Amino acid sequence: MAKAKPAAKPKKKSIWKKDHSQEIMRWIVEIGVVLILSFITAFLFEGSITVQESSMDPTIQAGDVVLINRISYRLGSVKRGDLIAYRNRDVEDSVYHIKRVIGLPGDTIQIKEGLIMINGETYMEERELPNIIDAGVAEEPVKLRNDEYFVLGDNRNNSEDSRFADVGNIKKSYISGKVWYLRSPSHRRGFL
């Protein structure tokens with residue numbers, strides 16, 4: 001009678017087999033790509049601004065933190081009703097302001113009896129905002145040049161905006177980007 005050979009010990013499997021090392025490398029590359037894209041998105045496309053003024057109440061309030069898309073107007077155009085972040089001049093350390101675009105290049109803007117007139121027609125806004133008490137320079141027609149925008153704060157009677165000579169029309173080169181998301185406070189977080 002022949003003796004049975006003892007069963008061969010099973011070989012221990014290495015977790016570093018070729019197929020696992022390829023999977024690990026794939027994960028490292030994917031994580032690297034995500035980190036690079038996140039950095040590019042944060043640096044080029046977005047910036048955050050803490051709102052300093054109450055001129056956009058009730059849409060945006062003083063102390064709110066908003067995100068701006070810095071590249072949107074390099075790829076597309078500013079549209080009526082957009083919320084924009086801009087500086088009063090081409091100085092990097094000047095304060096950001098946030099306002100709503102009312103007039104586009106070539107438009108003629110006037111404020112009559114508390115209502116906004118664009119090219120002689122009453123502008124009907126998407127949201128209900130108060131009638132304007134002080135028309136400022138827009139009491140007379142304001143003709144916008146090819147690189148100018150007329151902006152107003154949503155808090156129409158407590159906003160320094162294009163109605164006033166010290167602000168005036170906003171040049172396209174002063175616009176930093178489109179305000180698109182309210183990040184803080186968290187209970188009001190959402191798209192604008």
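This is a predicted model: local features need pLDDT of at least 70, side-chain atom pairs count only at pLDDT 80 or more; totals for chains, interfaces and linings use all residues.
Arg100 sits in strand S4, which covers residues 97-103. Is Arg100 buried or exposed? Its relative accessibility is 10%, and buried means under 20%, so Arg100 counts as buried.

Now for what surrounds Arg100. If we set aside neighbours within four places in sequence, Arg100 is in contact with Met56, Thr59, Gly81, Asp82, Leu83, Glu125, Arg127, Phe150, Val151, Leu152, Asp154 and Arg156. Please keep Asp154, Leu152 and Asp82 in mind, as each of them comes up again.

Take Asp154. As background, side chains of opposite charge can pair when their charged atoms come close. Here, Asp154 and Arg100 form a salt bridge between their side chains, at 2.8 Å from N to O. Asp154 has a relative accessible area of 1% and is buried. Arg100, as I said, is buried too, at 10%.

Which residues belong to the network of salt bridges that includes Arg100? The members are Arg100, Glu125, Arg127, Asp154 and Arg156.

Next, Leu152, which brings in strand S9. Arg100 stands opposite Leu152 in S9. The two strands, S4 and S9, are paired in the antiparallel sense, with 3 bridges.

Which way do the side chains of S9 point? In a regular strand the side chains alternate between the two faces of the sheet. In S9, Glu148, Phe150 and Leu152 point one way, Tyr149 and Val151 point the other way, and all are buried.

Strand S10, residues 170-171, runs antiparallel to S9 and is joined to it by 2 bridges. In this pairing, Tyr149 stands opposite Ile170 in S10.

Elsewhere in the model there is an open sheet. It is made of 4 strands in the order S7-S6-S5-S8, with antiparallel pairing. At the edges are strand S7 (121-122) and strand S8 (142-143), each of which pairs on one side only. Strand S5, residues 108-112, is joined to S8 by 2 bridges, and these strands run antiparallel. Ile109 has Val142 in S8 as its bridge partner.

Back to salt bridges. How many salt bridges are found in the whole structure? The search gives 10. I have shown you one in detail, and two others deserve a look.

One joins Asp64 and Arg188, with the closest N and O atoms 2.6 Å apart. This pair links distant parts of the chain: Asp64 is in the loop between S1 and strand S2 (65-69), Arg188 is in the loop between strand S11 (175-184) and strand S12 (190-191), and they are 124 residues apart. Asp64 counts as buried, with 3% relative accessibility. Arg188 is partly exposed, at 23%.

The other joins Lys178 and Asp82, whose side chains meet at 3.8 Å, N to O. Lys178 is in strand S11, and Asp82 is in the loop between helix H2 (72-75) and strand S3 (83-86), so the pair links distant parts of the chain, 96 residues apart. Lys178 is partly exposed at 31% relative accessibility, whereas Asp82 counts as buried at 10%. Asp82 is also one of the residues in contact with Arg100.

Last, empty space. Rolling a probe the size of a water molecule over the atoms shows where empty space is left. In this model the count is 1 cavity of 30 Å³ or more, and the largest cavity has a volume of about 40 Å³.

What lines the largest cavity? The lining is formed by Ile49, Thr50, Val51, Gln52, Glu53, Tyr96, His97 and Ile98. Of these residues, 4 are nonpolar, 3 polar and 1 charged. Strand S1 (46-50) and S4 each give at least two residues to this lining. S4 is also the strand that holds Arg100, which is where the talk began.

Methods. Residues are numbered from 1 along each chain as its sequence is written. Side-chain values use heavy atoms; hydrogens and water are left out. Buried means under 20% relative accessible area, exposed over 50%, partly exposed in between (1.4 Å probe, protein chains only). Contact means heavy atoms within 4.5 Å. On a 1 Å grid over the protein atoms alone, a cavity is a set of points where a 1.4 Å probe fits but cannot get out, and a pocket is an open set with protein on both sides within 12 Å along at least five of seven lines; lining residues have an atom within 4 Å of a point. Grid points are joined across faces, edges and corners, and a volume is the space filled by probe spheres set on the points. Ala, Val, Leu, Ile, Met, Phe, Trp, Tyr, Cys and Pro count as nonpolar, Asp, Glu, Lys and Arg as charged, and the others, Gly among them, as polar. Two strands pair if DSSP finds at least two bridges between them. A salt bridge is a side-chain nitrogen of Lys or Arg within 4 Å of a carboxyl oxygen of Asp or Glu.
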